[in-house]
Amino acid sequence: MRRAIALLLVGASLACANDVRRFRLQDPVWEDPDRNDVPGGPLPSYYSGLMADGADQMFFRPLAKLPTLPLTTEATNVNALDEVPNSAWFQNRIGFYDIPLDRFIKGPCDDVPDLDPKNGRWIVVAAKPNGANPGFFIKAPDGYRYLIKFDGTQQPGRPTASDVIGCRLYWAAGYHTTCNGIVYFPEDHLDIDPKAEAENAFGEDQPITQADIDKVLSKAYRTKDGLLRASFSRFVPGKPIGPFIYEGTRADDPNDVVPHNERRELRAIQVLAGWLGHFDSREQNTFNVWVKDGDRQYVRHFMIDFGSAFGSRWPRDQISRRLGRSYYFDTEHVLVDLLSLGLWPREWEHLEVNDQEIFGYYDGDTFTSSKWRAGYPNPAFDRLTPRDALWMVRILSRITPEHLRAAIELGRFHDPRETEALFELMMKRRQRIFAEYLTQYPPLATFRLARRTPDSLTQSLCFEDLALYHQVADPAVTYYKMRFRGGEDLDQELGWTQFTPDPEHPHRSCVVLPIGHKRPAQLAPPDAPDDDPLRYGVLDIFVHQTKSVRPTSAVRLHFYDLGAARGYRLVGVERVMDPVRPAGY
Ligand SMILES: Nc1ncnc2c1ncn2[C@@H]1O[C@H](COP(=O)(O)OP(=O)(O)OP(=O)(O)O)[C@@H](O)[C@H]1O
Ligand SMILES: [Mg+2]
């Protein structure tokens, strides 16, 4: 708990007269200290029953929460720059670094070659207990264990491809995932470990027989030359100890101090899962692994199983159309239907199956990210705030079409039209995410202080406008208004400026500092320490995406001015969701 409070204080604010929070003069926290050695061996496994979590989230939890006020609170594991530090849950990747295509394609698989049947026979060691599609755990000659899953007869290619594509995109976004890929192998490639067992219909463990294997393989998708298609998931080093829960903390894990539904990276999965249509995004598709990292042992948290993405269909089309748009049992929708005698129109009612049928009702035209719903309520998604969503939007915005194409190609669809169709659908859906969030909330990102030459005394502040980059706002109308303030109460106006984006590179803007004639350092005595309150400056950037005088959104940047030679230091970024126009604006 103490650490949670410490993290909170990182961007630490001391309220002052005119309600501007002040940040400390320090580097933002980029490493969450939640990977400390946990003595005493692996923590016990948690078992999440197939139905129990769904029942809890759909029925019992909403009932239990009835008497409480639904408060919107911001995520707590956010640093002073409005970003998420690296942790046992998350590692900043594409949001921060350009990932070259070859590195992206390797993803979590690193340099270990893909599972390849040419290297020798596989031994089935267990059968996959539940889930939508059949599968086995195998031991391969490369020494690794794998989970292999098949497509089933419906939508051949989609479940296996989804598992691989989803895994790569989640990895790039920053989540810990397993190494997944597609493999083709001949039917007689499997041996059975005499100790291998599978659950029968009564939940009893029975030895696996060749007949069990044949039954599974008979339903699996095959190529024209008789090869079976499967997705593989390589076991990660360490001991799996069951899923994590999307709320609260684990009492027996001293590293786990931030309630999971207050973790930004868990809340913001709503946006990523929505993009992929991964409605099966629930605790059962996560897992904790007890890992050894140098001389420390602790729990690392993984996301797995993306097989529901890209339009998974259920046997009844009425249900398939609703997936991602309504919970399996959706109290709100049921009530509205009852009160409106079923006359309330639902946008999914008239959805048609995609031309490429394997993508079912995964659609780019009616998708609204903020309204997207997983199969049943997820306590972390329920707490998503626009700031959390924007954080994921910034990450998604750095996935290039080349990355996306490479990810889809890893799914190895048989028909190039399927590859193309999925690419188009995903681009369309992502564009709808951009259009929704970047036109309501601050579209600015990547704030940098730069000098034209290393010994120049002039500093510029540069930033990107993602709404312009993704063409959801009009560069001809967009303009920025900036106000710089300093002084003891941060109410002394040091300068105003206003400018429109440069048509040559509308999504990248730079402005020379100081804005106005005075810089904060001039207000402080010459020998003032670096963190003297008078060196503090606050820059409000009002973003106008329409001709209205009312700004669409705003960002507030916090600086310490260390003088002309050492320059400004950016210590805080706040995104203002509903900006108030200052007097005289
Ligand atoms: N790479 C892996 N390493 C270790 N265990 C794994 C791995 N992948 C999966 N598992 C284990 O297997 C279980 C089932 O995996 P997964 O969620 O992918 O399958 P499923 O839900 O049965 O699949 P589907 O719904 O697509 O049929 C997981 O809960 C996890 O315990
Ligand atoms: Mg699963």
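## A partly exposed ring, a sheet and a metal site

Phe235 is partly exposed, at a relative accessible area of 32%; here buried means under 20%, exposed over 50% and partly exposed in between, with a 1.4 Å probe and protein chains only. This is a predicted model, in which local features need pLDDT of at least 70 and side-chain atom pairs count only at pLDDT 80 or more, while totals for chains, interfaces and linings use all residues. Residues are numbered from 1 along each chain as its sequence is written, chains are lettered from A and ligands numbered from 1 in the order in which they are written, and side-chain values use heavy atoms, without hydrogens and water.

**Rings**

Rings of Phe, Tyr and Trp (its six-membered ring) pair if their centres lie within 6.5 Å; planes under 30 degrees apart are stacked, over 60 edge-to-face and the rest tilted. By this rule there are 30 aromatic pairs. Here are two of them.

| Pair | Centre to centre | Between planes | Type |
|---|---|---|---|
| Phe96 and Tyr97 | 6.3 Å | 55° | tilted |
| Phe137 and Phe235 | 5.7 Å | 85° | edge-to-face |

Phe137 belongs to strand E2 and Phe235 to the loop between E8 and strand E9 (239-240), so this pair links parts of the chain 98 residues apart. Helices (H or I, at least four residues) and strands (E, at least two) are DSSP runs, numbered from the N terminus.

**The sheet**

E7 pairs with strand E6 (residues 190-199) in the antiparallel sense over 3 bridges, and Ala198 stands opposite Gln206 in E7.

**The metal site**

Which residues coordinate the magnesium ion (ligand 2)? Asn285 (OD1) and Asp305 (OD) do, at 2.0 Å. Donors are N, O and S atoms within 2.8 Å of the metal (3.2 Å for Na, K and Ca); water is not among the atoms, so sites may look incomplete. Asn285 sits in the loop between helix H7 (269-276) and strand E10 (286-293), and Asp305 in the loop between strand E11 (296-303) and helix H8 (317-322), so the pair ties together parts 20 residues apart in sequence. Asn285 is buried at 7% relative accessible area, whereas Asp305 is partly exposed at 21%.

Notes:
Pairing = 2+ DSSP bridges.
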